[in-house]
Amino acid sequence: MPNVISRDGSIRQDNWTVIPRPAEGESLDIPADQPALIPADLWLAGYDHFSGRQDIGVWFDSHDEPEILDGHVNELPVIAVNFPKFSDGRGYSIGRLLRERFGYVNEMRAIGDVLLDQLQFMKRCGFDAYVLRADKDITKAEKCLNFFSQGYQAATDTDIPLFRRRAS
Amino acid sequence: MYVYDEHDRQMAAERVAQFRDQTERALAGELAEEEFLPLRLQNGLYVQRLAPMLRICVPYGMMRSNQLRRLARITRDYDKGYAHFTTRQNVQLNWPALEDVPDILAELAEVEMHANQTSGNCIRNTTTDQFSGVQFDEIADPRPYCEVIRQWSTFHPEFAFLPRKFKVAVNASEHTDRAAIQVHDIGLQMVRNDAGELGFRVHVGGGLGRTPMVGPVIRSFLPELDLLTYLEAVLRVYNRYGRRDNKFKARIKILVKALTPAGFAEKVEAEWQHIKDSPTKLTPEAINRIKTYFTEPDYMALENATDTLASQRFEHRGFDQWLTHNVDTHKKPGYAIVTLTMKKTGTPPGDVSDRQLEQIADLADEFSFGEVRVTHQQNVVLADVRQDRLFELWQAITPMDFGTANLNTLTDVICCPGGDYCALANAKSIPVAEAIQRQFDDLDYLYDLGNIDLNISGCMNACGHHHVGNIGVLGVDKKGEEFYQISLGGSSQHDASIGKILGPSFARDDMPSVVSKIIDVYVSKRTEEETFLDTYRRVGIEPFKERVYA
């Protein structure tokens, strides 16, 4: 079961499992006894079958377009975004779009090559759950989430940029 | 200039603590080298040929005397007693020890300096015209907007891991472009529309490096309050769609080219429609608040010192030359803009000793309200000097080697650190600069040749901006030997253009004579009023080729 870090740095466990994209011609292999995250486009393709299920969430890869879920995001209990490499920053834009443009309110989870020093950016871009890469020291997550007490910009965590706070 | 408030100070201190923690984890082996790499780069720290190199940010080139003195102290305490002014208005230290860097950053933070985002695949230091706020022909002072961009881009959570580095430059002068905005990822030209409202013409996708390009206009007028939302839209499109599979095709210029400028503009416009009225939209109060930091200093009501200067010119030929070349017209009567040249032959362009940093600080306090500006030509500007004190200033700087009256001439070379220091370089650049400076040591001849930009880069990364030099020199490696390729006709001005390669490259020893031949062609072909660039544009590259490869 993965350890999941929350926004405040606390650690919990759950059993959401990420189902990889099946090879061409293969079908999704969803476990019967465990909640599962499936590729977002396949959830949409099987909408009649999956919609409304609280044990099925979706995941996006960094090159995927979150626009495909416009209008459906809040039907999902969990949306995960994969960071295939920690230096691939596309997931930050996906996170902000899901939250700020499509109004997603449930759990948004960072998965993949998730390292300590990227948590602060994920937090500001709307991620509220992080599955740290297994070899990293999870006890340092809280510190790394909280190096900064404020930021200059508006992002998902605040819609008031510093220049507006200063003016008031 | 801008002064930190409690918010800036808090974030600067938190950043130092964060980097200290990151460095400790790296030294303890908890961060793999490839994981620490972007973290240290975003703090300006390279690991170079001989030692780490720390690039310290000088936001849009502005510095106060106390900051210069602190830099001097840091070079003494942690380095070898000198620093280097870069072609992006920053300052580099060439020999700091990795474990000392957190302490250096703490010392910098005390004087409101930092090394944030001076490297790495993020939004870099925004640059602008070194004559901002003191010249006649600017639409508005661009520095408040640079500061607005600085704050927005600092630790931006969405854009910390872009496909590649990202550079923004702002220009406000109608007739000149000292900021070279058309060869930046985003170039912002301040303009007024027909209604007289302030805004920006937006160029996107210019750049040097492997694929040099002049940035096309993707929006002819962007109202000033929309600046940040529009930048955010450009960056978001780039972050999502810029190539990440090939480092050499990852700059935004490649995306703009692939989509076509019109196609790219359309994508940005669509994204912008969603966010243009978001809280990131600037307010007049926010802009006015920043503008209060860039008000005029306490100028005295003076007359132009025309007669005094005329007689001093008559008495002292050296002063006359210096006044003609290194001093520019100020918007206020009785004041002048002085450029201190850091181009003494025999010293690497842009290099200064700790003592010189302190001398510059003293000069700033004595002559120019305690402020200086670093230029992308690697010189230093005192922007507010009284005309009736110019002679005194000239006498003071001559023994300091800041008075070489070669500004904008052939020997005012832009030059990267090259193979002497930089791990990326294919060839040395400093010895080429020096050899050419020695070849052209007659000031009268240089003045006769007029303004010529000679830019030298030690590799494709083009830190010496060779593509936009009227004469550009690029170091190349041929089977382990250093050769130099020449291009002609580049310009970073409003008429920006990328230089054309002359032909096969040359050995280093041949470079002074090759440049001499190029100059000879210009001298023989020019009409009375033509600059080198004018002549080149009229006659084309062929006459130069014929002479050089004869």
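The following conversation concerns chain B of a predicted model and its contacts with chain A.

Visitor: What should I know about the model before we start?
Guide: This is a predicted model, in which local features need pLDDT of at least 70, side-chain atom pairs count only at pLDDT 80 or more, and totals for chains, interfaces and linings use all residues. Residues are numbered from 1 along each chain as its sequence is written, chains are lettered from A and ligands numbered from 1 in the order in which they are written, and side-chain values use heavy atoms, with hydrogens and water left out.

Visitor: How many helices and strands does chain B have?
Guide: Chain B has 18 helices and 21 strands. Helices (H or I, at least four residues) and strands (E, at least two) are DSSP runs, numbered from the N terminus.

Visitor: And why call it as compact as a globular protein of that length?
Guide: Because its radius of gyration is 23 Å, close to the 24 Å that the globule rule gives for 550 residues. That radius is taken over C-alpha atoms, and the rule is 2.2 Å times the number of residues to the power 0.38.

Visitor: What share of the residues in chain B is buried?
Guide: Of its 550 residues, 64% count as buried, meaning under 20% relative accessible area (1.4 Å probe, protein chains only).

Visitor: On to the partner. How many residues of chain B are in contact with chain A?
Guide: 50 residues of chain B are in contact with 43 residues of chain A, where contact means heavy atoms within 4.5 Å.

Visitor: Which residues of chain B lose the most area there?
Guide: They are P157(B), F161(B) and R240(B), together 19% of what that side buries. The two chains bury about 4,000 Å² between them, 52% of it on carbon and sulfur atoms. Buried area is the accessible area (1.4 Å probe) that two parts lose on being put together, summed over both.

Visitor: Another topic: is R70(B) buried or exposed?
Guide: R70(B) counts as buried, at 13% relative accessibility. R70(B) belongs to helix α3, residues 65–78.

Visitor: What is R70(B) in contact with?
Guide: Leaving aside its neighbours within four places in sequence, R70(B) is in contact with E107(B), E110(B) and V111(B).

Visitor: Which residues of helix α7 are buried?
Guide: In α7 of chain B (residues 252–259), the buried residues are I252(B), K253(B), I254(B), L255(B) and V256(B).

Visitor: What do they pack against?
Guide: The buried residues of α7(B) pack against β9 (198–204), α6 (227–241) and α8 (261–275) of chain B. Just after α7(B), T260(B) has a positive phi of about 70°.

Conventions:
Buried < 20%, exposed > 50% of the residue type's maximum accessible area, 1.4 Å probe, protein only.
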